[in-house]
Amino acid sequence: MKDTYVSAKLVAANQIRIEIFSSLPFERLDPTLFRDEVAMPKMTPLRVNTLNSLAIADFRTEEPLELGHRYFLNVGQYGLVPLDVNEACFFPDFDEQYYYEGDDLGATYTKKRTTFKVWAPLASKVELKYRRHGKNEAWSLIPMIRGPKGVYIAEVDGNLDHYEYVYLVTNSEITREATDPYAKASTANGRTSVVLDFSKLHPDFHQEALPILQSGADSIIYETHIRDFTISQFSDISHKGKFLGMVEKGRKTPKGHPAGLDYLKFLNVTHVQLLPIYDFKTVDETKPDEKYNWGYDPQQYFVPEGSYATDPEDPVCRIKECQQMIASLHEARIRVVMDVVYNHVYESRWSVFERIVPNYYFRRRYDGRDANTSGCGNDLASERPMVRRLIVDACLWWVKTYGIDGFRFDLMGIIDVDTLNEIVKKVKAIKPSFAFYGEGWNMGGDVNIPLGHMGNFRLIPEYGFFNDFYRETAKRYFAQDGYAASDFKYGLVGSCCNFIHGPKFLSARQSINYLECHDNQTYYDWLSARRRDLGEKEKLELVEASNAAVLLSFGVPFIHMGEEVAASKWGEDNTYNKGDDFNKFSYKLLDERFDMAERFARLAAFRRRTQSLHVYDARVIDPGVDVIDVGPAIRLCFVDENLAAPYATIAFYYNASDQEAVYHESIPVKAIQSSRPIEKKEASTTVTIPPRTVIVYAAERKAKNG
């Protein structure tokens, strides 16, 4: 009808709103509701409002409408109008009615048949479209049967290993094609989901090779990125930019220094944190050199990223190579932390979630608009039971199928605490020493529920937080800002004691101590921009000292790739899409500054064997540690002789200034570790702390006679 627009929407379980915009005069409305083309009992009018060319009329149905049917309204002279039921997911009892507890969403494969299940409670029809992968055959199309809780089910007989599939989902009489949100494998760029026989894909993850960890404070985390760490021309890594490139053995720099896996082993780190390795959107997997991205734009939560595989078109390749990478890192005694993004997706409107269950998966503000706390256009509604379930299921899949040892949560302050605690409960039942930490910024969140930010540290006791207080005060202190010394002392003792400030955390194991991460400027660049008066030698010494301080602080040390050799991003910070030149690890720079890497590795080894640095309980740290000023330097020592063991005494000195500091110990001590080369000297009660240096002095405990 010319210049006339009519819509009908289900606004409550038994209430329909009809809206008419028309240039024609309005007539009395007496609409008839049809379910599956059968007329339903007459509806009761509730109100009609008209204004110029607009009319809004509400009607009550005799009974609440049951989802899963096709509904149309015959609106008299305006014709037949489909009923939009997409608001039903906001009804008060929706989650109670439709939460599905079964453990078999997605494609469940056996050699005799495959069962497909997709949760689509708003849908009136779902069809399964499938064919053999790589054969260019015609698609088969079969209807799926609606089961309890809005789950649609189809069973296909025969061996469907390597079959690709999609769903055709009809919501409010609009049909959209969607991949499976629970797909475990896919074709390149997530075009279609793929059925696989995962019984063939269970490698030995060498869990027995991993050292036992008592707590997160036993860890040294090294953050890197698959492409960045392997792409440089200044190493002989052959699988550049790939999962396999991370774990090639015996690789070297031009000057013969270790590269790749051997370099990670050389550094003495305990964990490698990998920027996202699940399937992300903005890199074309078939042309990975054409566009760069870190991967904070999720597309498939259960599937590894294909641009890191040697053959992204082969659904098995990315899985096997990702598994092989993790197994090889484990064999090298290095745990793997996976960077996960459960706060947003690449684009909500065209996402698989919106295609299958409109309006459900994304958080709304109180006025009904999309929440955008993430700054990425959408926030996942983690508090909704089926969203929480998806997140927990994805976490468990990566632990069980890929052997992952930890999760770093991007923008964790947007995720609700119940979801975070549920992940801990389920994952720790499998791996007790699993690592949980994330970005705990308090960003609001547009919901009145507890979220996973630092202010709620008591509610999520198993989680660590990136300690921005430590980061900012340490950066200032090692930029020679004397006013930062007091706050830096607080950071040194784990930010958990009543010392200078009140406790920020329950214990030091919640404090992730760092100076830079992937989306900051490198500390070398930060220092260069703020201290233009410093020479190159002085800057490098301050960067080394800051790295040493991170390793010699209570809490969990976190090092960004290249920080150990004072790498630069040419002054840029958030280089998520700026390509290899800004982001790659420079093996050429490693050759030039290998002595810095050596000192870092020695200090990392020292931290690993020094059990006093693994203490995290504030009730032990507070009375057992003494922190004082020594001229321009800071001295941290253990007043509890049990903490000093195996030494008779041990003290850490932090001197960011240009002045030498001197202290008189009660017994003769020697310098045993330093951020700068140590001159061999006899033990003495007079200790010297050189400028721009972090140094450790200790005295060996004498053996008792008899």
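Predicted model: local features only at pLDDT ≥ 70, side-chain atom pairs only at ≥ 80, totals over all residues.
Mentor: Helices are DSSP runs of H or I with at least four residues, strands are runs of E with at least two, and both are numbered from the N terminus. Residues are numbered from 1 along each chain as its sequence is written, and side-chain values use heavy atoms, with hydrogens and water left out.

Trainee: How many helices and strands are there in the chain?

Mentor: The chain has 16 helices and 33 strands. Its C-alpha trace spans about 100 × 55 × 55 Å along the principal axes.

Trainee: What makes helix H9 mostly covered?

Mentor: A residue is buried under 20% relative accessible area, exposed over 50% and partly exposed in between, with a 1.4 Å probe and protein chains only. In H9 (residues 485–492), 7 of the 8 residues are buried. They are Ala 485, Asp 487, Phe 488, Lys 489, Tyr 490, Gly 491 and Leu 492. Over the whole chain, 59% of the 706 residues count as buried.

Trainee: What do the buried residues of H9 pack against?

Mentor: They pack against helices H8 (468–477) and H11 (536–551), and also against strands E28 (625–630), E29 (633–638) and E30 (647–655).

Trainee: Why does Ala 508 count as buried?

Mentor: Its relative accessibility is 0%, so Ala 508 counts as buried. You will find Ala 508 in the loop between H9 and strand E26 (511–513). Ala 508 is 17 residues from Gly 491 in sequence, and their C-alpha atoms are 9.5 Å apart in space.

Trainee: Which residues touch Ala 508?

Mentor: A contact means heavy atoms within 4.5 Å. Leaving out residues up to four places away in sequence, Ala 508 touches Gly 494, Cys 496, Phe 554, Gly 555, Val 556, Val 615, Tyr 616 and Ile 621. Across the chain, 70% of the contacts with a separation of 6 or more are between residues 24 or more positions apart.

Trainee: What is in the largest nonpolar core?

Mentor: A nonpolar core is a set of buried Ala, Val, Leu, Ile, Met, Phe, Trp, Tyr and Cys residues joined through side-chain atoms within 4.5 Å. The largest has 201 residues, and Trp 119, Phe 407, Phe 409 and Tyr 654 have the most contacts inside it. Helix H6 (residues 385–402) gives the most to this core, with 12 residues. Another core of 12 residues lies apart from it, including Cys 637, Tyr 653, Tyr 697 and Ala 699. Now find Trp 119: among the residues it touches, not counting those up to four places away in sequence, are Phe 94, Leu 105, Tyr 361 and Met 386.

Trainee: Which residues lie nearest the centre of the largest pocket?

Mentor: On a 1 Å grid over the protein atoms alone, a pocket is an open set of points with protein on both sides within 12 Å along at least five of seven lines, and lining residues have an atom within 4 Å of a point. The largest pocket is lined by 29 residues, and Asp 103, Leu 105, Lys 184, Asp 393 and Trp 397 lie nearest its centre. H6 turns up again here, giving the most to this lining, with 8 residues. Strand E9 (106–109) and helix H7 (417–428) each supply at least two residues as well.

Trainee: How many bridges join strand E1 to strand E2?

Mentor: Two strands pair if DSSP finds at least two bridges between them. E1 (residues 4–12) and E2 (residues 15–22) run antiparallel and are joined by 8 bridges, so they meet the definition of a pair.

Trainee: What makes strand E11 largely enclosed?

Mentor: In E11 (residues 125–132), 6 of the 8 residues are buried, so the rest of the structure largely encloses it. E11 pairs antiparallel with E15 (residues 163–171) over 8 bridges, and Lys 125 has Thr 170 as its bridge partner in E15. E11 also pairs antiparallel with E12 (residues 140–143), over 4 bridges, where Leu 128 stands opposite Ile 142.

Notes. 1 Å grid on protein atoms, 1.4 Å probe; cavity = no way out; pocket = protein on both sides within 12 Å on 5 of 7 lines; lining within 4 Å.
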